[in-house]
Amino acid sequence: VTIQLTEDDLVAAGRLYDWSNFRDPASWRPVAVVWIAVQGVLLAIYVLSGMSSERFFAFAKYVNIGMLIGTFIIPILVMRFVSPRNVRRHFKAMKILHGPIELTWSAEGLSEKTSTSSSQTPWNHFPKWREDEALFIIFVAPTMYRLIPKRFLTPHQIDDLRSHLKQSV
């Protein structure tokens, strides 16, 4: 299949990437460690400062509200407003994405061909993949992925690609 990516394709892929990271339990492990560490620091402040319980709990409440905002609200705002702008900027800078990309796949892997390059990547080199109603993203590294918009694929090709991904990735 030959695809022609647009800015909107990359923005949609960026959104899928961000939300898949946001929902991935592995992404939350460092957050949990920081949260526990902050609670330990708060406990130490309480024990060592001689602060009254009422003053301490008011202080701890504001610290925890700040952590909640920093953990959930700010990342969601960044995903909604900052990420799309960055993705559009990257699309403009990456000339290789502006031309047609020919994709083929088989049991061996995924092949890509552009006007300036070609590559074949075995399925076992992709650590994970995600899809939504509009596209597939196939990761080559934790922050790098191949994008395949479904609008270029027939239902049979979508099922075939999904089958290869489920089987090998």
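Which residues are buried in α1? In this predicted model, the buried residues of α1 are D9, L10, V11, A12, A13, G14, L16, Y17, D18, S20 and F22. They pack against two helices, α2 (25–49) and α3 (53–93), and against the strands β5 (129–131), β6 (135–141) and β7 (144–149). Helix α1 also gives residues to the lining of the largest cavity and to that of the largest pocket.

- Helix α1 covers residues 7–23, which is 17 residues.
- G50 follows α2 and has a positive phi, near 70 degrees.

**The largest cavity**

- One cavity of 30 Å³ or more turns up in a search of the whole structure.
- The largest cavity holds about 30 Å³ of space.
- Its lining consists of V11, G14, R15, D18, M79, S83, P84 and V87.
- Two elements, α1 and α3, each give two or more residues to this lining.
- By type, the lining residues of the largest cavity are four nonpolar, two polar and two charged.
- V11, G14 and D18 belong to this lining and are also among the buried residues of α1.

**The largest pocket**

- The volume of the largest pocket is about 730 Å³.
- The pocket is lined by 26 residues, of which L10, M94, L97, Y145 and R146 are the closest to its centre.
- L10 is also one of the buried residues of α1.
- The elements that supply at least two lining residues each are the helices α1 and α3 and the strands β2 (101–105), β3 (109–113), β4 (118–122) and β7.
- The lining of the largest pocket divides into 13 nonpolar, nine polar and four charged residues.

**Strands β6 and β7**

- Strands β6 and β7 run antiparallel and are joined by six bridges.

Note on methods: Residues numbered from 1 in each chain as written. Predicted model: local features only at pLDDT ≥ 70, side-chain atom pairs only at ≥ 80, totals over all residues. Heavy atoms only, no water. Helix = DSSP H or I, 4+ residues; strand = E, 2+ residues; numbered from the N terminus. Expected span 1.5 Å × (residues − 1). Buried < 20%, exposed > 50% of the residue type's maximum accessible area, 1.4 Å probe, protein only. Contact = heavy atoms within 4.5 Å. 1 Å grid on protein atoms, 1.4 Å probe; cavity = no way out; pocket = protein on both sides within 12 Å on 5 of 7 lines; lining within 4 Å. Points joined across faces, edges and corners; volume = space filled by probe spheres on them. Nonpolar A, V, L, I, M, F, W, Y, C, P; charged D, E, K, R; others polar. Pairing = 2+ DSSP bridges.
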